[in-house]
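Look over the sequence and the 3D structure below. The paragraphs that follow take up a charged residue, a disulfide and a helix in turn.

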Amino acid sequence: MKTPLALQPTSWEPRRRRVAAGLALLLLVVVIVWWTVGAEGRRVGAACDLYEGQQEPLRSALTEIEDGAAAAAAAGEPTLLDHLENADGTLNTLRRWQSTMPRVTEEIGTGEDDTATTFSDLTESVAEQQRRVETDEASTAVDHVPELAGRLDDADALCGLA
C-alpha cells in the first residue's frame with residue numbers, strides 16, 4: 001500500500017528545519033547584543049538611583065558647612081562644629097555616603113570610564129570634606145566646599161539630575 005501523498009516527507013522538511021534553526025540562532029544573537037549594549041545603561045541607572053537618594057542631603061550638608069563657617073568667622077572663632085546647626089546630622093550625611101559608596105561600586109564596577117571616575121572622585125571629595133569638618137577648622141572645611149559642589153554637579157549631570 002502506498003503512503004498518501006500528504007503524509008510523504010517532502011524536500012521542504014529539511015529546508016524548514018534549517019531555516020527555523022537559522023532564525024533561532026539569529027534571534028539568540030540579537031538578544032545577546034541587546035542585553036550587552038543595554039548593560040551600560042542599567043549599570044549607570046542603578047548607580048544613579050543610589051546617588052539620587054543621597055544627593056539632597058549632601059547638598060544640604062554643604063550649605064550647613066558654609067553657614068557654619070560664616071557664623072564662626074562672624075564670631076571671630078576658628079572652630080566649625082559649634083556653629084553648625086546640626087553637627088551630628090552633617091557628619092552623618094557625609095558618613096552615609098561613605099557607607100553607600102560600596103553599593104554604588106558594586107553597580108558600576110571600577111575602571112576608567114566616566115561613571116566610575118565621577119563616583120570615585122565624588123567619594124574622595126566627600127571623604128576629604130568629612131575629614132575637614134571633623135578637624136573642626138572652619139576655614140579648611142569651607143575651602144573644600146566648592147570642589148565637593150563641583151563633584152556633585154558632575155554626578156548630577158551624569159545622572160540627568162542637573
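Which residues does Glu64 touch, not counting residues up to four places away in sequence? In this predicted model, Glu64 touches Leu84, Glu85, Asn86, Ala87 and Thr90. Glu64 itself has its place in helix H1, which covers residues 12–75. Although Glu64 is buried, it has no salt bridge. A salt bridge would need a side-chain nitrogen of Lys or Arg within 4 Å of a carboxyl oxygen, and the nearest side chain of opposite charge, that of Arg96, is 11 Å away.

Helix H1 also takes part in a covalent link. A search of the whole structure finds one disulfide, and this bond joins Cys48 to Cys159, with an S to S distance of 2.0 Å. Cys48 lies in helix H1 and Cys159 in helix H4 (residues 138–159), so the pair ties together parts that are 111 residues apart in sequence. The angle about the S-S bond is -80°, and the link of Cys48 and Cys159 is left-handed. Both cysteines, Cys48 and Cys159, are buried.

Now turn to helix H3. This helix runs over residues 114–134, 21 residues in total. From its first C-alpha to its last, H3 reaches 30 Å, close to the 30 Å expected at 1.5 Å a residue. Several residues of H3 are buried, including Thr115, Phe119, Leu122, Val126, Gln129 and Val133. The buried residues of H3 also include Thr118, Thr123, Ser125 and Gln130. H3 is followed by Asp136, whose phi is positive, near 70°.

Note on methods
Residues numbered from 1 in each chain as written. Predicted model: local features only at pLDDT ≥ 70, side-chain atom pairs only at ≥ 80, totals over all residues. Heavy atoms only, no water. Helix = DSSP H or I, 4+ residues; strand = E, 2+ residues; numbered from the N terminus. Expected span 1.5 Å × (residues − 1). Buried < 20%, exposed > 50% of the residue type's maximum accessible area, 1.4 Å probe, protein only. Lys, Arg positive; Asp, Glu negative; His and termini not counted. Contact = heavy atoms within 4.5 Å. Disulfide = S-S within 2.5 Å.
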